[in-house]
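Colleague: Hi! Could you walk me through this model while I have it open?

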Amino acid sequence: MLDAVLLNMKMHGRIAVCGMVSQYNLKQPEGIHNLFQIVVKRIRMEGFLVFEYYPQYPEYLEMVLPLIREGKIVYVEDIAEGLTSGPAALVGLFSGKNVGKQVVAVARE
C-alpha cells in the first residue's frame, strides 16, 4: 500500500505512521519501493505511538463525540459476536478480512 501511496503523494505531503499490524509477525518484513519519492516530493513521514497522546484524550472526546452524534464523523466497526469468535476475528485482523475497527462483543448490556 505504501508503494502506491508514495507515488500519489502531493509535494511536501505528510504521512503519519502508526500500527503496521501486518508486519508484526513476519519473519522477513516487507520491503518498500518508491522511496525516492520521499526525496523528490519532499514528503515527511513520521511515526507515532498512541500513548504519547493520552493526556489529550479527554479533550479529544469532548471534540469528537458531538461530531459522531451529529453524523459528521462516521466510523466502521467489524463486530464478531461472542468470546468463541475471538480467535477467528484475530486471524482475520492479521489477514485483512476485517473492515474498520475489529471488535469482539463478549456481552451486551
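Modeller: Happy to. Let me start with Arg42, which touches Met11, His12, Gly13 and Gln37, leaving out residues up to four places away in sequence. Bear in mind that this is a predicted model.

Colleague: Where is Arg42 found?

Modeller: Arg42 sits in the loop between α2 and β2 (44-47).

Colleague: Is Arg42 buried, partly exposed or exposed?

Modeller: Its relative accessibility is 47%, so Arg42 counts as partly exposed. The cut-off for exposed is over 50%.

Colleague: What about the phi of Arg42?

Modeller: Arg42 has a positive phi of about 55 degrees, although it is not a glycine. For context, most residues other than glycine have a negative phi.

Colleague: OK, new topic: the overall layout. How many helices and strands does the protein have?

Modeller: There are four helices and four strands. Along the sequence they follow the pattern α-β-α-β-α-β-α-β. The radius of gyration is 18 Å, well over the 13 Å that the globule rule gives for 109 residues, so the protein is more spread out than a compact globule.

Colleague: What does the C-alpha trace span along the principal axes?

Modeller: About 55 × 40 × 25 Å.

Colleague: And how much of the protein counts as buried?

Modeller: Of the 109 residues, 14% count as buried. The accessible surface comes to about 9300 Å², and 61% of that belongs to carbon and sulfur atoms.

Colleague: What about contacts between residues at least 6 apart in sequence: what share join residues at least 24 apart?

Modeller: Among those contacts, 64% join residues at least 24 apart.

Colleague: Charges next. How many positive and negative side chains are there?

Modeller: The protein has 11 positive and 11 negative side chains, and the centres of the two sets lie 9 Å apart.

Colleague: Now I'm looking at α4. Which residues of α4 are buried?

Modeller: In α4 (residues 86-95), the buried ones are Gly86, Ala89 and Gly92. They cover an arc of only 120 degrees around the axis, which puts them on the same side of α4.

Colleague: One more area: β2. What does Glu46 touch?

Modeller: Glu46 is in strand β2. Not counting residues up to four places away in sequence, Glu46 touches Ile15, Ala16 and Val17. From Glu46 to Gly31 the C-alpha distance is 17 Å, and the two are 15 residues apart in sequence.

Colleague: Where is the place of Phe48, and what is Phe48 in contact with?

Modeller: Phe48 is in the loop between β2 and α3 (57-69). Apart from neighbours within four places in sequence, Phe48 is in contact with Ala16, Val17, Cys18 and Tyr53. At 30% relative accessibility, Phe48 counts as partly exposed.

Colleague: And how far apart are the C-alpha atoms of Phe48 and Ile79?

Modeller: Those two are separated by 27 Å, and they are 31 residues apart along the chain.

Terms used
Residues are numbered from 1 along each chain as its sequence is written. This is a predicted model: local features need pLDDT of at least 70, side-chain atom pairs count only at pLDDT 80 or more; totals for chains, interfaces and linings use all residues. Side-chain values use heavy atoms; hydrogens and water are left out. Buried means under 20% relative accessible area, exposed over 50%, partly exposed in between (1.4 Å probe, protein chains only). Helices (H or I, at least four residues) and strands (E, at least two) are DSSP runs, numbered from the N terminus. The arc is that of the directions from the helix axis to the C-beta atoms. The radius of gyration is taken over C-alpha atoms; the globule rule is 2.2 Å times the number of residues to the power 0.38. Contact means heavy atoms within 4.5 Å. Accessible areas come from the Shrake-Rupley method with a 1.4 Å probe; for residues, only the protein chains shown count as cover. Lys and Arg count as positive and Asp and Glu as negative; His and the chain ends are not counted. The place of a charge is taken as NZ of Lys, CZ of Arg, CG of Asp or CD of Glu.
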